[in-house]
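Subject: Structure handover

Hello,

Please find the structure below, with notes on what was found in it. The notes follow the model.

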Amino acid sequence: MQQKIIFKSKGLNCSGLFFLPDNYSATDDVKLPAIAMAHGMGTTKEVGLPQFAERFADAGFAVLIFDFRNLGESEGTPRGQIFAEDQQEDYRNAITWLQLQSQIDPERIGVWGFSFSGGHVLQVAAFDRRIKCVVAQVPAVSGFLVAQRSNTPSDLYAVGMMLSQDRIRRYETGEVNYLPFVAPPGQQCFFPSSEEAREFFEAAQVASEGRFENRITFESLERLSYFEPAVRIDAISPTPLRMILAKKDFLVPTDIALAAYARAHEPKSLVFLEGGHLGKSEGEDFETASAAARDWFVQWLKPSNAAAQTYDPHSEYLGKSDLESFEINMRLSLTGIGAELKSEDGYAKVERLISGGPAQLSGKVTVGDRIAAVGQGKDSFVDVVDMKIDKVVELIRGKKGSVVRLMIVPANSADPSKRKIVELVRDDVKLTEQEAKAELIEKDLPDGTVKLPVVDGIPQISVQELKRKLDAKEDVFVLDVREPHEHRIVNLGTSLIPVGDIERRASELADKKNSEIVVYCKVGVRSQKAALALKQAGFTNISNLTGGILAWAEKIDPSMEKH
């Protein structure tokens, strides 16, 4: 579902397209995570962005794609005036518009940018904490370095003289002059020697139905020379950043972006495309880029898909129906095929094959394979990417002797579009007693014995249980593993070791080796990683705080500041 919308940015109407999942209904009273997207240098929203937006909407996101001021269907003059600071303000106002929509969860908003706007999202996310996830595809990170790399000294001198003369004309007459993005060989333009750019902007003219204008103001060119959006890339953390780069990028050299990426802090991720800067909205690179962005947004904006969030983080303990669902989620004994799965990056990933089960006997399923779709017999496949893991289980389980088909992304494939189909005949698979009991532990509490969930060997403790322990003055050491600036904003009055420093600084906790330690972060993902590192370092009694400090603020202390 999509609709045209308008949002205000500094008094101007910016035009956008707002996408919702096809199966969304306002009567469901479900708040959706959202993504704000805009295009690169001078390009309008119709040029390739709808294809990305549709992929994201299919994964359960609301998506806003929009034209910057002075471009496309948005207001603003002079046309083709491209100022980074204005476009970054348009991003901020797009986020505000999303936050005000009834369908949107205002605490789960991500941003996506491409090329010039890829630089914008780095700058905006470094300072706007409303942004909870960032994807920057082939980002322009330094106007100065790109100009130095792409031009000879004499070219740069000539451009400087041209811009100086234009500044005098602007001062004296107010005249606005333009340079075309692309032009026939031999004519002056922004991309003088790029056939890739000529093809891209010709396609942009068609896709935008004539709204794309092949020109940029000279004043915009002048400002590009001091466009440096990655100066504070280190400040994006703890907001998760995924950078998607192209191996054959000759417009924004990859090594410049890599140097910026190296300065970013965790959590971060890097993905490479095989082609060039101006990839098409189809084909192998599009499939890789759209899947990589979608999976990153799923991981960080839809926490129910993360390994540490496979059950309701706001429930004190699990009721009977939740417990049954949790047992399926964590053990995932697929009685039909004999495989243990877990949800990871939106996929049902094969964690282990049960000896003697159909999957293991077939020789066609391996650990690390990701299930993308499931088919019953000869029926059509059902896409299960981003589907809740228990729903995937329901599709795979079935009567003994019946056929199930799995569409699999092989474990050794970095390209999610390359898939194979495996046909299996369901059969009975018996678990050992150890396998059947590996997913829960019993805990004695004052009001009785309850079962607590365990993720990758780490017990998950609720905020209510931690509060009970603290109130009872039990001997429990609570450790914050967020970044220092997060700790300064709000904390539980506890010690701090950032997750990236855990392995190096574990010796500081030597006296706590056999004590009870509860680690926490913002939502419980980084702290799960820290808990695993401490366990590997020999600590024997580690728990992860489910839902992190946000759950504490919601369930224990609503007056606590959220960040």
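**Salt bridges**

Asp501 is partly exposed, at a relative accessible area of 22%; the term covers values between buried, under 20%, and exposed, over 50%, with a 1.4 Å probe and protein chains only. This is a predicted model, in which local features need pLDDT of at least 70 and side-chain atom pairs count only at pLDDT 80 or more, while totals for chains, interfaces and linings use all residues. Residues are numbered from 1 along each chain as its sequence is written, and side-chain values use heavy atoms, with hydrogens and water left out.

Asp501 forms a salt bridge with Arg504, with 3.3 Å between the closest N and O atoms. A salt bridge here is a side-chain nitrogen of Lys or Arg within 4 Å of a carboxyl oxygen of Asp or Glu. Arg504 is exposed, with a relative accessible area of 61%. Elsewhere, salt bridges with shared partners join Glu85, Asp166, Arg167, Arg169, Arg170, Glu219, Glu222 and Arg223 into one network. The count by this rule is 42 salt bridges.

Two further pairs are listed here. Arg130 pairs with Asp128 in a salt bridge, the closest N and O atoms being 2.9 Å apart. Asp128 is buried at 9% relative accessible area, and Arg130 is partly exposed at 22%. Lys247 and Glu274 also form a salt bridge, again with closest N and O atoms 2.9 Å apart. That pair links distant parts of the chain, 27 residues apart: Lys247 is in the loop between β9 (241-246) and α8 (254-263), and Glu274 in the loop between β10 (268-273) and α9 (283-301). Helices (H or I, at least four residues) and strands (E, at least two) are DSSP runs, numbered from the N terminus. Lys247 is partly exposed at 49%, and Glu274 is partly exposed at 40%.

**Nonpolar cores**

A nonpolar core is a set of buried Ala, Val, Leu, Ile, Met, Phe, Trp, Tyr and Cys residues joined through side-chain atoms within 4.5 Å. The largest has 101 residues, of which Met37, Phe56, Phe61, Trp112, Leu122, Ile233 and Phe297 touch the most other members. Helix α9 gives the most to this core, with 9 residues. Leaving out residues up to four places away in sequence, Leu122 touches residues including Ala136, Val141, Ile233 and Met243, where contact means heavy atoms within 4.5 Å. A second, separate core has 19 residues, among them Ile337, Leu341, Ala359 and Ile389.

**Pocket and cavities**

The second largest pocket has a volume of about 1300 Å³. Of its 46 lining residues, Val146, Ala147, Ser150, Asn151 and Phe190 are the closest to its centre. Helices α4 (143-150), α5 (153-173), α6 (195-207) and α7 (218-224) each supply at least two residues of the lining. The lining has 27 nonpolar, 15 polar and 4 charged residues.

There are 4 cavities of 30 Å³ or more. The second largest cavity has a volume of about 50 Å³, and its lining includes Gly42, Asn70, Arg211, Phe212 and Glu213. That lining divides into 2 nonpolar, 5 polar and 3 charged residues.

On a 1 Å grid over the protein atoms alone, a cavity is a set of points where a 1.4 Å probe fits but cannot get out; a pocket is an open set with protein on both sides within 12 Å along at least five of seven lines, and lining residues have an atom within 4 Å of a point. Grid points are joined across faces, edges and corners, and a volume is the space filled by probe spheres set on the points. Ala, Val, Leu, Ile, Met, Phe, Trp, Tyr, Cys and Pro count as nonpolar, Asp, Glu, Lys and Arg as charged, and the others, Gly among them, as polar.

Regards
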